[in-house]
Amino acid sequence: QNTINKIAAGEVIEKPSSVIKELVENSIDSGATAITVEVKGSGLSFLRVTDNGSGIKKDEVKLAFLRHATSKLVTVEDLLSISSLGFRGEALASIASVAQVEMITKTADDVTGLRYQIHGGREISSEEIGAPGGTTIIVRNLFYNTPARKKFMKTDLTEISYIYDLMCRICMSHPKISFKFISNGTDKLFTSGNGKLRDIIYHIYGRDITSNLLEINAENDYMKISGYIARPCISRGNRSFEGYYVNHRYIKSAVLTKAIEDAFRTFVMIHKFPFTEINFQVRPDLLDVNVHPTKMELKFANSQDIYSFTYNAIRETLLFKEL
Ligand code: ADP
Ligand code: MG
C-alpha cells in the first residue's frame, strides 16, 4: 500500500507547490472562507495550510489518509462541477507517504478536535486536543524518504515563485475566499474575500494594469463569462498574462485561448497577447476533460458555440467599453 502511495505521489506531488495546490483545493472544497498558506525556505522543510472549513470528523481522519478515500462524488460529470475540486481521493495519501504530516481538525459540531500525525505513511499519533473549527495541515520534510525526488528541486527562490504564481491563480479563481500567503514570516499575498476580482488584480499587478481594465460580463443558457481584459495598449509578447479559469479551475482549452486571442487581435496590429483574468462558468455536462496526472486539457461538446460566444463577448467589451 505504501509503495503504491509513493509511486502515485511521484505522479501528483512533484514539488512543494503541488502539495499546496492539493491542500488548498481540499480547503476550498471544505467550504472555507479563509485560507492561510505559510512556507519556510522552499517549502520542503515546512509548509502549513490552515482553513476555517468544515473540518473532518474524528473517526474519519485516519480514513482521509487512505488511498481512494474520498468523501466526494466520483463521476466524470462531477469532475468539473462547481462543488468540488478534488475527486480521486489520493492527495492526502500521496503526501503522507513522502513527508511527515500533522493534521489538526475540528468540525463545528464537536467540542474538541483531533491532532493526527503520519510520517511516511505510518501513523505516529492520534490525540484529542482543543482546536478552532476547521483544518490545519503541516507538512514537514517533504521527500525525506525519496531522496531521488529531492534532487530535482530548484532553488528556494524558484520554488517560492511557483507557489506564489499558484496562489495568485487560486486567489483570482476564488474572489469570495480570503487568502493569505506568508513566506519566511513575510506576507506575500492577501485577499479580503470581498468577491471583487478587480481588487485582487490591483493587489497583484498594480495600478498600471488595473486602471486599464475593461469588464467582461456575458451570459447565455450554458455559459457565463465574467472578468477583465486590459485595453490593447497593455498587450504582451507572450501568453503568460492570459489568465482564465473554467468552473474555478486553472485549466487550458484551445478553443477558449483562440477565442480570446482572435477577439483581441482584431484590435492590435501585430502578434500580441492580451492581459486577461476571466472566469468561465460552463454547464458541466458540456465539458470533456483529458486528465493527465499533471496537466488537464479541456474539450467542449459544442466548441463552435463556445468559441463564438466568447469571441463576441470579448470583442464587444473591447469595442464598446472604450466609449
Ligand atoms: P479528494 O480531495 O480527492 O477527495 P484527498 O486525498 O485530497 O482526496 O482528501 C481526502 C478526503 O479528506 C476528502 O475527500 C475530504 O473528505 C477530507 N479532507 C481533506 N482535506 C480537508 C479539509 N481541509 N477540510 C475538510 N475535509 C478535508
Ligand atoms: Mg483533494
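How many residues does α7 have, and what span does α7 reach from its first C-alpha to its last? Helix α7 has 18 residues and reaches 26 Å, close to the 26 Å expected at 1.5 Å a residue, the expected span being 1.5 Å times one less than the number of residues. Helices (H or I, at least four residues) and strands (E, at least two) are DSSP runs numbered from the N terminus.

The model is predicted: local features need pLDDT of at least 70, side-chain atom pairs count only at pLDDT 80 or more, and totals for chains, interfaces and linings use all residues. Residues are numbered from 1 along each chain as its sequence is written, while chains are lettered from A and ligands numbered from 1 in the order in which they are written.

Among the buried residues of α7 are Ile160, Ile163, Met167 and Ile170; buried denotes 20 or more other C-beta atoms within 10 Å of a residue's own, with C-beta atoms placed from the backbone. The largest nonpolar core has 73 residues, of which Ile95 and Ile314 touch the most other members. Such a core joins buried Ala, Val, Leu, Ile, Met, Phe, Trp, Tyr and Cys residues through C-beta atoms within 7 Å. Its largest share, 7 residues, comes from α7 (residues 156-173). Because domain 1 (2-190) and domain 2 (209-320) both contribute residues, this core lies between them; the bounds come from an automatic or database domain assignment.

Elsewhere, 5 strands form an open sheet of mixed pairing, in the order β9-β10-β13-β11-β12, where pairing requires at least two DSSP bridges between strands. The edge strands, β9 (213-219) and β12 (249-250), each pair on one side only. Strand β11 (residues 242-246) pairs with β12 in the antiparallel sense over 2 bridges.

Methods: Buried ≥ 20, exposed ≤ 12 C-beta atoms within 10 Å, placed from the backbone.
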